Amino acid sequence: MIELKNVEKYFGAHHVLRDINLKVEKGEVVAIIGPSGSGKSTLLRCANYLEMPAEGFIALNGRTIDFRHVTKHDILYLTRNTAMVFQQYNLFKNKTALGNVEEGLVVVQKKDRSVARAEALRRLDAVGLTDRVNYYPRQLSGGQQQRVAIARALALNPAVILFDEPTSALDPEMVGEVLEVIRGVTESGITTLIVTHEMNFAREVADRVVFLDDGCIVEEGAPVSIFDNPRNSRTRQFLERVTGGGRSVLSPPAREDATVYERDRQPRAWLGEERSA
Amino acid sequence: MEGKLFDVGFMFRAAPEILSRLPITLSITFVSLFFSLIIGFITAIARLRKIPVLTQIFNLYILYVRGTPLLIQIYMAYYGLPLVLLAINREFGTDMNINSIAPIIFIYIAYSLNEGAYASETFRAAIESVDRGQAEAAHSIGMTPMQAMIRIIMPEALKVAVPNFGNNLLGLVKNTSLAFSISVLDIVAAAQVVGSRSFRFCEVYIVLSVIYWVACGLLTKVVQVVEKSLNAGERGIAA
Ligand SMILES: Nc1ncnc2c1ncn2[C@@H]1O[C@H](COP(=O)(O)OP(=O)(O)O)[C@@H](O)[C@H]1O
Ligand SMILES: [Mg+2]
């Protein structure tokens with residue numbers, strides 16, 4: 001269980017998060033959606049203390065931390081019980097795929113090299129990268145790098161996994177493979193917070209959808225109620241904008257296989273993406 | 001009988017005497033290199049973390065080193081530090097014997113501080129050049145800031161820094177030629193002794209040139225090897 005209470009965050013004079021209250025139950029999958037600049041990344045980053053909120057509390061598995069008085073131990077407690085998957089993957093450049101996954105097991109969890117290696121190999125196998133374990137990040141495609149990043153996050157057995165737009169930096173043809181892996185993660189029962197622009201995906205895997213606008217949680221609820229019956233006008237406007245008036249997320253995907261993301265693999269003009277040559 | 005204007009054979013006869021002082025030159029180089037790396041690393045970290053007071057002091061130190069000639073810094077160490085020690089003696093009743101300090105100690109100090117300032121800039125630029133995402137990833141898997149620095153950021157920063165350290169090192173080797181100014185008996189001092197005995201200054205300075213030139217050439221090779229081994233991982237797929 002992870003809970004944010006009355007979280008306030010400023011960048012200088014810019015009030016980026018306003019009185020955020022969000023409780024996520026064990027095993028729950030929560031999708032965070034909202035316009036660019038609304039504070040979605042900042043919200044996730046506060047949960048593992050990549051950003052320092054000005055005030056508020058975070059509770060994680062029974063321990064409550066006051067953001068106004070954070071100790072080094074608090075920070076390690078947060079970072080060691082949460083894992084982040086970044087938009088830009090952020091794999092360690094000077095380590096192989098295997099090294100990336102092993103690193104936390106050896107350095108942070110102090111596991112034996114051989115135990116760590118076996119665990120890392122198992123995690124890389126689970127994301128379909130058995131034949132790429134000795135590759136360096138720059139030798140891997142974006143989709144492969146992001147799958148390594150997911151393996152790295154999961155290897156540490158975090159209580160909560162945080163995804164920050166995990167497919168936004170990917171070439172369209174790689175989005176599907178990464179979403180498939182994330183779907184597997186959400187089905188494994190691990191508590192998940194995911195910031196995403198993949199509305200179909202959010203609708204499908206999330207137990208709850210949170211709509212964030214201008215630093216405030218404007219509306220939250222089950223995917224059906226948010227996507228099919230948004231009550232707040234800002235939510236409605238946002239959904240209309242992202243679905244561009246064409247085929248919309250308001251009609252649920254018929255089948256549950258990877259082909260439903262075909263549409264999402266197309267360039268998304270509203271994200272400024274262009275068709276790759 | 002008129003002597004030869006230029007005596008090639010003399011160069012070969014003079015070389016052993018000059019080379020016998022090479023260990024001094026090398027010790028200045030490597031002792032200063034060692035301490036300059038420590039000084040550079042500590043001051044770079046303090047400045048990157050913007051630790052109050054220390055940052056200002058270190059910035060001032062670096063401005064001083066970069067803004068004044070090395071020869072002046074050597075004299076500052078040689079004439080200034082004894083005054084400091086004497087003041088300590090007076091203040092605390094200690095009995096340090098200033099005269100027993102060998103001149104080379106002042107050279108070690110002056111050169112370590114001089115090189116340290118340049119090393120600090122090199123470290124700082126290299127660490128700043130490492131993508132922020134690397135530090136964030138290290139943080140997010142639960143590393144302490146120290147672990148992140150040593151395991152992730154420094155190895156990547158070093159790749160950027162090594163070529164610059166190579167240049168600094170060449171500069172340091174050549175700068176050792178100023179050590180004779182406070183009567184440290186390095187190869188330059190030896191060459192001057194031989195030169196004033198024989199009045200064959202041109203010959204001995206050619207010998208000196210060759211020694212510095214070979215030393216710098218060898219060090220350049222060493223730096224290239226280090227550079228290669230640091231980058232080795234990235235090229236091929238690890239076996
Ligand atoms: N490090 C930072 N310094 C200053 N402003 C920032 C920083 N990070 C984000 N912001 C600002 O905070 C707001 C929220 O950013 P972010 O959380 O990245 O939004 P989102 O992920 O929803 O696009 C934006 O207006 C952004 O410009
Ligand atoms: Mg974002």
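Which helices of chain B do the buried residues of H2(B) pack against? Notes below; point 4 has the reply.

1. Ground rules. This is a predicted model, where local features need pLDDT of at least 70, side-chain atom pairs count only at pLDDT 80 or more, and totals for chains, interfaces and linings use all residues. Residues are numbered from 1 along each chain as its sequence is written, chains are lettered from A and ligands numbered from 1 in the order in which they are written, and side-chain values use heavy atoms, with hydrogens and water left out.

2. Overall make-up of chain B. I get 9 helices and 0 strands here, with helices (H or I, at least four residues) and strands (E, at least two) being DSSP runs numbered from the N terminus. The radius of gyration is 22 Å, well over the 18 Å from the globule rule for 239 residues, so chain B is more spread out than a compact globule. That radius is taken over C-alpha atoms, and the rule is 2.2 Å times the number of residues to the power 0.38. The C-alpha box, along the principal axes, is roughly 85 × 60 × 25 Å.

3. Of the 239 residues in chain B, 41% are buried, meaning under 20% relative accessible area (1.4 Å probe, protein chains only). Taking contact as heavy atoms within 4.5 Å, 79% of the chain B contacts between residues at least 6 apart in sequence join residues at least 24 apart.

4. Helix H2 of chain B. Running over residues 22-48, H2 has 27 residues and reaches 38 Å from first C-alpha to last, close to the 39 Å expected; the expected span is 1.5 Å times one less than the number of residues. Its buried residues include B:Thr25, B:Ile28, B:Gly40 and B:Arg47. As for the opening question, the buried residues of H2(B) pack against helix H3 (54-67), helix H5 (103-129), helix H7 (145-175) and helix H8 (187-198) of chain B. After H2(B) comes B:Lys50, with a positive phi near 55°.

5. A spot in chain A. A:Thr235 sits in helix H9 (residues 233-243) of chain A and is buried, at a relative accessible area of 0%. Neighbours within four places in sequence aside, A:Thr235 is in contact with A:Phe211, A:Val218, A:Glu219, A:Ile226 and A:Pro230. A:His197 is 38 residues from A:Thr235 along the chain, and their C-alpha atoms are separated by 14 Å.

Notes
Buried < 20%, exposed > 50% of the residue type's maximum accessible area, 1.4 Å probe, protein only.
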